[in-house]
Structures are given as structure tokens and as C-alpha cells.
Amino acid sequence: MSIFDKLKNTAKQTVNNTLGAAGKKRETFVFNALPESLAEMQALPESCLDTPFKTAALTVLALCAYAADREIGTEMLNFLRGPRPMSGQDISFINDRYRDGKTYLPFTYFRGAVPDNDYTPSEPFTVDIESSSDSNSEEGYMKLFIPCGGADNPRPVKLRMRGSDGKWFLWEQYLLVGVKTPKSEDPWA
């Protein structure tokens, strides 16, 4: 191998390492049951919030809990938001998304939940979290994406790292938006 081949290989490896670090990554989280209290959520290993992927996955669980019980869901979301609890406007926004019986919205992010089965997820509850090449384009923040059974493209969630301990907290979520109509509610199905 010539010296130039070694240089090309080294350069190629450096580019691949850089792209691997900043490129698309997918993490899968599996839950045997959905937490029904903040204590149950905090008992999950993902609650250490040491990666943005874990916080994003727990966001889906908290939004599911909110659909069942607003008080418990608020506690969970405030835990995930860390030093920035939800405002009245945040709560009003979420309440508005669930209006007209759309409590199925957060369940669309679990594997197996599609319009044909009225967004009933497969068990165990499995959620995939993805990054893209520009997920970490803003220092201290991470924008991740969650595939949705009711939409053609994954939906974003933005997380922020606390510098003092490296924990990741929910900053913004764009998960409670329109999806394809569940089959039982679709007059054209």
C-alpha cells in the first residue's frame, strides 16, 4: 500500500466517523406497560435523561398519560421539561389537541398503530426515535424525529441539554398535530 493509499484511507475513515456522529441514527425503546404515574415513569431506566433519545421516547409516554389523566400527564411533562415547567398556554395547547376525542394522537407513534386498527399499538409498546444530519445544528439542543403511523413523515421533538449535569429536557414537541382519520371514524372507509 502506497503512502497515498494510506492517506486516502485515513481521510475516508475520518469522513465516515464524522458522518456517523452527525448522520442519521435510530434508537428503539420498548416498554412492557405505559406508566400511570410520575413515580412509575421515574422508575424506568430511560428516566435518567442522559440522552436526548431517552427523553424523546418518554415524551410519547407522557403524552399518552395526559390523554388519560391531565394531572398525571402534566406531572410527567413537567418532569421531562426540567427547570421550565409548562405554562398555562402550553397546557391549553395540549388540551386543544385532544379536543373532539383525539386522545389517540400520541399512540400513533408506537409501532403497529395505524389508521386501519384505530391506532392500537402492538405490544410491547415500541417507539423509534431518529436523528438526521442536522439534528444537532444548534449547540446545546437536539432535534429528533419520531415516525408516525398516521403521517407520511416523522414528527419532530426538540430537546435541550442542561450544561451542569448533561441531562436532556423536553424543549418543544410537534407530536400532537393532525393524522389520518382512524378507520372507525372515517366515513369513506
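These are my notebook entries on one predicted protein model and what I looked up in it.

**Ground rules.** I number residues from 1 along each chain as its sequence is written, and I work with side-chain values that use heavy atoms, leaving out hydrogens and water. Because the model is predicted, local features need pLDDT of at least 70 and side-chain atom pairs count only at pLDDT 80 or more, while totals for chains, interfaces and linings use all residues.

**Whole chain.** I looked up the elements and found 5 helices and 5 strands, where helices (H or I, at least four residues) and strands (E, at least two) are DSSP runs numbered from the N terminus. Along the sequence they follow the pattern α-β-α-α-α-α-β-β-β-β. Of the 189 residues, 40% count as buried, and I note that buried means under 20% relative accessible area, exposed over 50% and partly exposed in between, with a 1.4 Å probe and protein chains only. Taking a contact as heavy atoms within 4.5 Å, I noted that 58% of the contacts between residues at least 6 apart in sequence join residues at least 24 apart.

**Strand β3.** I turned to β3, residues 141-146, and found that 5 of its 6 residues are buried. Strand β3 pairs with β4 (residues 155-161) in the antiparallel sense over 6 bridges, and two strands count as paired if DSSP finds at least two bridges between them. In this pairing Y141 stands opposite R160 in β4.

**Y109.** Where does Y109 sit? I found Y109 in the loop between α5 (88-98) and β2 (125-130), and Y109 is buried, with a relative accessible area of 3%. Leaving out residues up to four places away in sequence, Y109 touches V60, T126, V127, I146, P147, C148, R155, Y174 and L175. The side chain of Y109 also reaches the backbone oxygen of L175 at 2.5 Å, which I list as a polar contact, meaning a pair of N or O atoms within 3.5 Å; within protein, one must be able to donate a hydrogen and the other to accept it, and residues adjacent in sequence count only if both atoms are side-chain atoms.

**D128.** I next looked up D128 in strand β2, and D128 is buried with a relative accessible area of 6%. D128 and T28 are 100 residues apart in sequence, yet their C-alpha atoms are 4.5 Å apart in space. The side chain of D128 makes polar contacts with the side chain of T28 at 2.6 Å and with the side chain of R26 at 3.0 Å.

**T55.** Which residues does T55 touch, not counting residues up to four places away in sequence? I found L49, L80, L159, W168, F169 and L170; T55 itself is found in helix α3 (residues 52-68) and is buried, with a relative accessible area of 0%.

**Largest pocket.** Finally I looked up the largest pocket, which has a volume of about 250 Å³. A pocket here is an open set of points on a 1 Å grid over the protein atoms alone, where a 1.4 Å probe fits, with protein on both sides within 12 Å along at least five of seven lines, and lining residues have an atom within 4 Å of a point. Grid points are joined across faces, edges and corners, and the volume is the space filled by probe spheres set on the points. The lining includes R81, F93, W171 and Y174, and β5 gives the largest share of it, 4 residues.
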